[in-house]
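Please keep the sequence and the 3D view open while reading.

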Amino acid sequence: MTEITVYTARRIHTMNPSLPQATAVAVRDGMILEVGTLETLQPWLDAHPHRIDDRFAGKILLPGFIDPHLHPTLAAILLPCHFITAMEWKLPDRTAAPVRGHNAYLDRLKEIEEALTDPAEPLVTWGYHKIWHGTVTREILNGISRDRPVVAWQRSFHEIVANDAAIDWMGLDRDELARHPQIDPDSGRFYETGLSVAFAGMQDYLLSPERFRHGLQLTKQAVHFGGHTTIGDMAVPLMDLEREWPALLDVIEREDTPFRVQMVPRGVSRGGGLGREAENLAEVQALAGRSSHRLQFHKGVKLFTDGGFYAELMQLLPPGFIDGHEGEWLMPPEVFEGLARTYWNAGYRIHVHCTGDLGVELALDVLEKLQFERPRFNHRFTIEHFGVSTPEQVRRVADLGALVSANIYYVHELGEAYWQHSIGHERASQMARLGSLARHDVTFALHSDFTMAPALPLNSAWVAVNRTGESGAVLGPEERIDVERAMRAITIDAAYILGMEHEIGSIRGGKKADFTVLEADPFETPVEALKDIPIWGTVFEGRPAPL
């Protein structure tokens with residue numbers, strides 16, 4: 001029989017209310033046997049060969065951090081890009097300094113272009129946002145280069161701006177582009193479903209084996225650096241599963257990968273869903289056969305309502321946007337309803353991308369219909385992102401038994417910008433209203449949607465507890481939550497969102513031996529410093545993995 005390993009620590013926060021704290025945990029074959037103290041564990045130690053591992057004697061153990069909505073394939077495509085962003089980004093291989101202002105953005109773009117030695121190499125950048133960088137168009141990018149393909153990927157990932165050389169490089173027909181409702185050939189803008197058209201032209205470059213594997217390696221480092229032991233890939237595939245899957249197996253399904261990924265399929269093939277609901281269901285069901293140890297397909301599916309939050313394409317109830325522009329649907333409402341009904345009746349856990357309050361309204365209206373037609377208990381219907389919402393919608397979420405997986409980082413990066421430029425102070429300050437969810441006892445998790453936010457659960461918890469904008473001002477103080485709830489939102493409640501709470505998310509006998517190891521106790525650290533707690537590393541299925 002395998003030897004028992006007992007890890008001792010200064011304190012273990014189990015996230016199990018029945019035994020909230022401990023100082024020792026016994027592990028065998030990747031599973032937790034029991035948690036408590038050396039004294040309470042003694043019957044196990046008397047009966048079986050064991051060793052005491054005290055490397056964490058001065059450290060804090062929590063359940064392994066969980067991000068239920070992090071896109072490793074999206075990150076693998078973006079991390080090799082040139083980052084030109086309004087905020088500083090600390091990446092596995094570099095730090096990208098913040099760039100603000102239209103001229104500064106173009107200067108940086110030109111600096112990168114002139115540094116490229118291969119005249120045929122495409123220049124693909126990520127992080128553009130008009131609030132910080134002004135308007136960028138096809139003609140402006142032509143001014144950077146008329147010969148080199150130049151692509152400015154918007155901060156949301158939901159849209160790009162391309163110069164003429166990039167449109168030619170993609171092999172796109174301009175007459176056909178003009179007929180697409182979410183492509184503007186004059187400005188070179190491809191957004192929402194129009195981005196799929198650009199994907200088709202760029203995927204040979206973006207998914208080239210060397211580039212994509214390098215991006216996955218960087219993503220793997222970023223995930224581990226954040227202290228994760230489980231993440232959810234919320235919308236599989238990103239472009240082409242047959243090209244993405246071999247690299248995922250090669251990079252992630254390895255003994256040196258200290259985390260697992262729950263692969264949540266998109267519920268519709270790119271290209272449509274109306275009238276093809278049964279076909280889409282069959283495609284999703286077939287993916288279960290691909291499951292491996294670290295890449296797992298459970299019975300979850302991803303659907304979409306409205307457009308990207310960073311792209312300011314969310315669908316809003318009145319009074320809408322200050323400048324009067326309209327949001328976009330990622331799925332026409334009738335397509336969303338038909339697909340939701342199909343997956344609901346098949347017993348799937350449905351995750352719905354909702355960024356604006358009109359998008360949330362659509363999701364809740366459909367959920368209410370489905371509950372009337374075919375009631376389900378413990379259905380785990382989850383609102384993903386939860387940018388703009390109303391207090392009344394929170395009550396409906398609770399009444400309908402729904403869950404929320406929120407991107408709280410919106411408050412920090414976008415709260416003040418959207419107050420001043422997009423939707424006004426009232427709605428911007430109340431984005432991701434976690435306090436209201438807590439008051440209505442709605443289970444919620446925190447996610448990064450990486451690269452929409454840094455892949456750092458403690459950073460997300462810091463925003464949730466403090467709600468400070470980029471200037472340091474507190475936005476929506478009534479929507480703050482306490483540290484206990486924030487820690488639950490990156491451990492046991494995140495596990496619940498993924499339907500994995502019986503396996504992970506807390507430290508108790510019978511669960512996987514996944515721990516995040518901290519140098520300081522988040523329950524004793526001043527809330528302003530939560531994000532700065534050093535992470536030693538993780539323990540994944542019983543095996544220590546230092547950073």
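**Salt bridges**

The structure contains 43 salt bridges. The model is a predicted one.

| Pair | Closest N to O distance |
|---|---|
| Glu-159 and Arg-189 | 3.0 Å |
| Lys-531 and Asp-532 | 3.3 Å |

Start with Glu-159 and Arg-189, whose salt bridge has its closest N and O atoms 3.0 Å apart. This pair links distant parts of the chain. Glu-159 sits in strand 12 (residues 159–162) and Arg-189 in strand 14 (residues 189–191), 30 residues apart. Are the two partners buried or partly exposed? Glu-159 has a relative accessibility of 6%, so it counts as buried. Arg-189 has a relative accessible area of 25% and is therefore partly exposed.

Asp-514 and Arg-260 are both buried.

Lys-531 and Asp-532 form a salt bridge as well, at 3.3 Å between the closest N and O atoms. Lys-531 is partly exposed, at 34% relative accessible area. Asp-532 is also partly exposed, at 48%. The cut-off for exposed is over 50%, so Asp-532 stays in the partly exposed class.

**Helix packing**

Two packed helices are described by the angle between their axes and the distance between the axes. Two pairs are taken in turn.

Helix 11 (residues 277–286) packs against helix 12 (residues 333–345). The angle is about 50 degrees, and the axes lie 10 Å apart. Helix 11 is therefore oblique to helix 12. The helix 11 and helix 12 crossing is right-handed. On the helix 11 side, the contact uses Glu-277, Asn-280, Leu-281 and Val-284. On the helix 12 side, the residues are Gly-338, Leu-339, Thr-342 and Tyr-343. By class, this contact of helix 11 with helix 12 has 4 nonpolar, 3 polar and 1 charged residues.

Helix 13 (residues 357–373) and helix 14 (residues 391–399) form another packed pair, with axes 11 Å apart. Their angle is about 25 degrees. How is helix 13 oriented to helix 14? Roughly parallel, because an angle under 35 degrees counts as such. The crossing of helix 13 with helix 14 is left-handed. Helix 13 contributes Asp-357, Val-360, Glu-361, Leu-364, Asp-365 and Glu-368 to the contact. Helix 14 contributes Gln-393, Arg-396 and Val-397. The contact of helix 13 with helix 14 divides into 3 nonpolar, 1 polar and 5 charged residues.

Pro-237 is in the loop between strand 15 (228–236) and helix 10 (241–251).

Another cis peptide bond joins Pro-318 and Pro-319, with omega at about 15 degrees. Pro-319 is in the loop between strand 18 (300–304) and helix 12. Helix 12 is also the partner of helix 11 in the packing described above.

**Positive phi**

Arg-380 is not a glycine, yet its phi is positive, at about 60 degrees. This residue is placed in the loop between helix 13 and strand 20 (382–385). Its relative accessibility is 9%, so Arg-380 counts as buried.

Ala-432 also has a positive phi without being a glycine, here about 50 degrees. The loop that holds Ala-432 runs between helix 16 (425–429) and helix 17 (434–439). Is Ala-432 buried or exposed? Ala-432 is buried, because its relative accessibility is 0% and the cut-off for buried is under 20%.

Definitions and conventions:
Residues numbered from 1 in each chain as written. Predicted model: local features only at pLDDT ≥ 70, side-chain atom pairs only at ≥ 80, totals over all residues. Heavy atoms only, no water. Salt bridge = Lys/Arg side-chain N within 4 Å of Asp/Glu carboxyl O. Helix = DSSP H or I, 4+ residues; strand = E, 2+ residues; numbered from the N terminus. Buried < 20%, exposed > 50% of the residue type's maximum accessible area, 1.4 Å probe, protein only. Axes fitted to C-alpha atoms, helices over the stretch in contact; angles between N-to-C directions. Parallel < 35°, antiparallel > 145°, perpendicular 65-115°, else oblique. Left-handed = near helix turned anticlockwise from the far one by under 90°. Contact = heavy atoms within 4.5 Å. Nonpolar A, V, L, I, M, F, W, Y, C, P; charged D, E, K, R; others polar.
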